[in-house]
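Hello,

Here is the structure I said I would pass on. My notes follow below it.

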Amino acid sequence: MNRGERESFAGKTTIILKRVRTARLQVRPDGTLRVVAPPSFDVGGFLQRNAAWIEKRRRELDRLAAEGCGREEMLLLHGRFCRVIPGARFAVDEDAGTVASPSVPALRRGLSRMLKEEVLDRLEACPDLAGRRRGRIAVKLQKTRWGSCSALGNINVNLRVVALPATLREYVVVHEAAHLREQNHSKRFWHLIGEHYPDHRAAEAELRRYWIILERNRVWKALGETG
C-alpha cells in the first residue's frame, strides 16, 4: 500500500483508509465487503446505513452462484463439475467426470495446454476476424476479465475460460478476435460481434454468473495461487 494508507480486516470486511473524497463500498463475489474511506471515517455507521443494500447484493450474488453451491471442492471444466483425482499425468475423463493430475501446478499446465489448443482452433475457424493482424496467443489467469487483445494483435485468454461451456468459450474467442479489427467497444465492434455471435447479450450475462461461481470455487482459487 502507499504511504498514508491503512488496511484492516474485520470479519468479512476489508477496510482501506486513504485520502479519498468519498467512501466506496463493494460487495465482492464471495460475499465479503471492501470499504475504501477517508481516515477517521465512521465505517461502522456507513455499513449500518447500507445494511439493506448489502444484504440485497449478497442475496443476488448467492442466486448467481447457486449452481456451484456444495461443489466448491470440484473443478468446473467445460461447464461441468469434475472430481480431481491423483494421477501420474494430467488426464481428463469427461464421461466419468474426473480430472487426474499429480499436482496443482501440473493441473494448471494441463488445463492451459488444453485451452490454448482450443483457442487456436477457434481462431482458425474465423479468419475474417483474426486475419493477418493476429499476434501471439497466451493463456493466463487474469483477475478481472476473461481475455484481452493488445494493439499489437496479441491475445490473452483467461485460463478460467476452460471452465465455461462450449458456447461461452466460443464467445470469448470471438469477442477478443473482434478486437483485432475494432480496438474499442464501439457500435461497430458490437455489430461485428453480432455478425458472428448474435446472442452476445445473453452470453455476457452468463459470463457474469460463471465468474461468481469461479470466485467461490476452492479448486480454481488454488489454481490462481499457483504460479
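Cysteine 126 is buried in this predicted model, with a relative accessible area of 7%. Cysteine 82 is buried too, at 2%.

Neither cysteine has a partner. A disulfide needs two cysteine sulfur atoms within 2.5 Å. For cysteine 82 the closest cysteine sulfur belongs to cysteine 69 and lies 18 Å away, which is too far for a bond. Cysteine 126 is in no disulfide either, since the nearest cysteine sulfur, in cysteine 149, is 12 Å away. The count of disulfides by this rule is 0.

Two residues other than glycine have a positive phi. For serine 40 the angle is near 70°, and for histidine 78 it is about 55°. Both sit in loops: serine 40 between strand E4 (33-37) and helix H1 (43-49), histidine 78 between strand E5 (75-77) and strand E6 (80-86). Their surroundings can be set side by side. Serine 40 counts as exposed because its relative accessibility is 79%, whereas histidine 78 is buried, with a relative accessible area of 18%. The cut-off for buried is under 20%.

Last, helix H7. Helix H7 covers residues 200-215, 16 residues in total. From first C-alpha to last, helix H7 reaches 22 Å, close to the 22 Å expected at 1.5 Å a residue. The buried residues of H7 include His200, Ala203 and Leu207. Further along, the buried residues are Arg209, Tyr210, Trp211, Ile212, Ile213 and Leu214.

Regards

Key: Residues are numbered from 1 along each chain as its sequence is written. This is a predicted model: local features need pLDDT of at least 70, side-chain atom pairs count only at pLDDT 80 or more; totals for chains, interfaces and linings use all residues. Side-chain values use heavy atoms; hydrogens and water are left out. Helices (H or I, at least four residues) and strands (E, at least two) are DSSP runs, numbered from the N terminus. The expected span of a helix is 1.5 Å times one less than its number of residues. Buried means under 20% relative accessible area, exposed over 50%, partly exposed in between (1.4 Å probe, protein chains only).
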